[in-house]
Amino acid sequence: MNQNEFILLINPFKDKLFRLAKRLLVSTEEAQDATQEVLVKLWTKNEGLDEYKSVEALAMTMTKNYCLDQLKSKRASNMTIVHTNYTDREASLQQKLEDKDSLNWVEKVINELPEQQKLIIQMRDIEQYEFEEIAKILDMNETAIRVALSRARKTIREYLTKTHNYGIR
């Protein structure tokens, strides 16, 4: 098989090889390298390509295997890099203090709410009751519960916004 015959053979599917490599390797440059490597390997086998039922299937399999090998070797060499880039997922001390402070403010505002709104906020947002259950417990209409909950949340939101944007009142 000469060079022109080889090009005519691989032209219909060489873009597919690239797309597969790009999907697996993500990097355009690495995908181009992988495609080129596979095509070089195919060229070295050019005399025996007639034996294969589908050269495209062979090329796709070669591309997949080459890319997976690249990923394995990259993963092995990146292990130390990943390890040194490890960051603690736990919140910083500063963040923990800010969260605790915000919770204290929310608790303070909830305690200042009218009794009914306080109960609804407690049952819905803290204890995770459904509206239907709250309605039965408080002997209220579900719509009234939704309105009271909305007003309570709005009061809390406005207070926190005012506190955090303008300082403590």
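Trainee: Where is confidence lowest, and where is it highest?

Mentor: Lowest is α4, with a mean of 77, and highest is α3, at 93. For residues 79–84 the pLDDT is below 50, and that stretch has zero contacts in the model beyond near neighbours in sequence. Contact here means heavy atoms within 4.5 Å. Where pLDDT is low, the predicted coordinates should not be read in detail.

Trainee: How many helices and strands are there?

Mentor: Eight helices and zero strands. These are DSSP runs numbered from the N terminus: helices are H or I with at least four residues, strands are E with at least two.

Trainee: What share of the protein is buried?

Mentor: Buried residues are 24% of the 169. The accessible surface comes to about 12,400 Å², and 51% of that belongs to carbon and sulfur atoms. Those areas come from the Shrake-Rupley method with a 1.4 Å probe, and for residues only the protein chains shown count as cover.

Trainee: OK, aromatics. How many pairs are there?

Mentor: Two aromatic pairs. The rule takes rings of Phe, Tyr and Trp (its six-membered ring) with centres within 6.5 Å; planes under 30 degrees apart are stacked, over 60 edge-to-face, and the rest tilted. F6 and W43 are edge-to-face because their ring centres are 5.0 Å apart and their planes sit at 70°. F6 is in helix α1 (residues 3–10) and W43 in helix α3 (residues 28–44), so this pair ties together parts 37 residues apart in sequence.

Trainee: Is F6 buried or exposed? And what about W43?

Mentor: F6 has 7% relative accessibility, so it counts as buried. W43 has 36%, so it is partly exposed.

Trainee: What about W105 and Y159?

Mentor: That pair is tilted, 5.8 Å centre to centre with 45° between the planes. W105 is in helix α5 (residues 93–112) and Y159 in helix α8 (residues 142–166), 54 residues apart.

Trainee: Which charged residues sit over F131?

Mentor: R124 lies over its face, 4.2 Å from the ring centre, and the charged end of R146 is over the ring of F131 at 4.0 Å from the centre. To count, NZ of Lys or CZ of Arg must be within 6 Å of the ring centre and within 35 degrees of the ring normal.

Trainee: Last one: which residues is T63 in contact with?

Mentor: Leaving aside neighbours within four places in sequence, T63 is in contact with L17, L20, A21 and V38. T63 lies in helix α4 (residues 55–84), and its relative accessibility is 0%, so it counts as buried.

Notes:
Residues are numbered from 1 along each chain as its sequence is written. This is a predicted model: local features need pLDDT of at least 70, side-chain atom pairs count only at pLDDT 80 or more; totals for chains, interfaces and linings use all residues. Side-chain values use heavy atoms; hydrogens and water are left out. Buried means under 20% relative accessible area, exposed over 50%, partly exposed in between (1.4 Å probe, protein chains only). pLDDT is the predictor's confidence in each residue, from 0 to 100.
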